[in-house]
Amino acid sequence: MASQQEEKKIDYANTAEYMTFELGSMKYAIELPKIREILTYPEIITTLPNTTNWVKGLINLRGEVVPILDVRIKFQTGEIVYNDNTAVIAVITEDKRMIGIVVDKVDDVQRLNINDLAPVSDLGSAIPSKYLKGFVRLEDSKMLVIMDIEYVVHKDELKDS
């Protein structure tokens, strides 16, 4: 019995928790500590003139002005549908900016072994590899791609059209 229990122990030093979500037909994840909260897609978004089409606009989130970015448009992950599953993940960047990213559907939280992270080639995802940290293969043999959210919402990225 003791050996079975030992096998189930999780090496917490080499694991991290990630929020998983869907963009098109792929599953992605962001480190849980970077996520402030999950929102339903807001009914009222103040649009901004002269911005790229993936910058949806601004919302007021408990007194804080938060830009909403639709990464589905930026990365052309498939048909863009706004429905009951559409969600906004509010992330906090290293430079303390809060930004909302629109996703098709939020899944759940998973603890992943970061030693299992494999590099992503440009062929493996709709999103260019420079925006990704890598991927892990899940128990059901599906791929979970870890997004580098800092790179995706970097100030320089918002200037690109």
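1. **Ground rules.** This is a predicted model, in which local features need pLDDT of at least 70 and side-chain atom pairs count only at pLDDT 80 or more, while totals for chains, interfaces and linings use all residues. Residues are numbered from 1 along each chain as its sequence is written, and side-chain values use heavy atoms, with hydrogens and water left out.

2. **Overall make-up.** The chain holds 4 helices and 10 strands; these are DSSP runs numbered from the N terminus, with helices being H or I of at least four residues and strands being E of at least two. Read from the N terminus, the order of elements is α-β-β-β-β-β-α-β-β-β-β-β-α-α. Of the 161 residues, 42% count as buried, where buried means under 20% relative accessible area, exposed means over 50%, and partly exposed lies in between (1.4 Å probe, protein chains only).

3. **Contacts and surface.** Among contacts with a separation of 6 or more, 55% come from residues 24 or more positions apart; a contact here means heavy atoms within 4.5 Å. The chain exposes about 9500 Å², and carbon and sulfur atoms supply 48% of that area. Accessible areas come from the Shrake-Rupley method with a 1.4 Å probe, and for residues only the protein chains shown count as cover.

4. **The sheet with S1 and S2.** An open sheet of 5 strands has the order S8-S1-S2-S10-S9, with mixed pairing; two strands pair if DSSP finds at least two bridges between them. Its edge strands are S8 (105–113) and S9 (132–137), each pairing on one side only. From one strand to the next the twist averages 35°, taken between axes that are lines fitted to C-alpha atoms (for helices over the stretch in contact), with angles from 0 to 180 degrees between N-to-C directions. S1 (residues 15–23) pairs with S8 in the antiparallel sense over 7 bridges, and Phe 21 stands opposite Val 106 in S8.

5. **The sheet with S4 and S5.** Another open sheet of 5 strands, also of mixed pairing, runs in the order S3-S6-S7-S5-S4. S3 (35–40) and S4 (55–61) are its edges, each pairing on one side only. Neighbouring strands in this sheet are turned by 30° against each other on average, direction ignored.

6. **The S4–S5 hairpin.** S4 and S5 (residues 64–70) run antiparallel and are joined by 6 bridges. They form a hairpin with 2 residues between them, and Arg 62 in the turn has a positive phi of about 50°.

7. In soluble globular proteins, nonpolar side chains tend to be buried together. The largest nonpolar core has 29 residues, and Tyr 28 and Met 147 have the most contacts inside it. Elements that each supply at least two of its residues include S1, S2, H2 (71–74), S10 (143–147) and H3 (149–152). Apart from this core lies another of 10 residues, among them Leu 61, Val 66, Ile 68 and Ala 90. A core is a set of buried Ala, Val, Leu, Ile, Met, Phe, Trp, Tyr and Cys residues joined through side-chain atoms within 4.5 Å.

8. Glu 31 sits in S2 (residues 26–31) and counts as buried because its relative accessibility is 13%. Its side chain makes a polar contact with the side chain of Lys 133 at 2.2 Å. Such a contact is a pair of N or O atoms within 3.5 Å; within protein, one must be able to donate a hydrogen and the other to accept it, and residues adjacent in sequence count only if both atoms are side-chain atoms. Leaving aside residues up to four places away in sequence, Met 147 touches Glu 31 and Lys 133, among others.

9. Thr 20 lies in S1 and counts as buried because its relative accessibility is 0%. Beyond residues up to four places away in sequence, Thr 20 has contacts including Tyr 28, Val 106 and Leu 144. Gln 76 is in the loop between H2 and S6 and counts as exposed because its relative accessibility is 68%. The C-alpha atoms of Gln 76 and Leu 23 are separated by 9.3 Å, with the two residues 53 apart along the chain.
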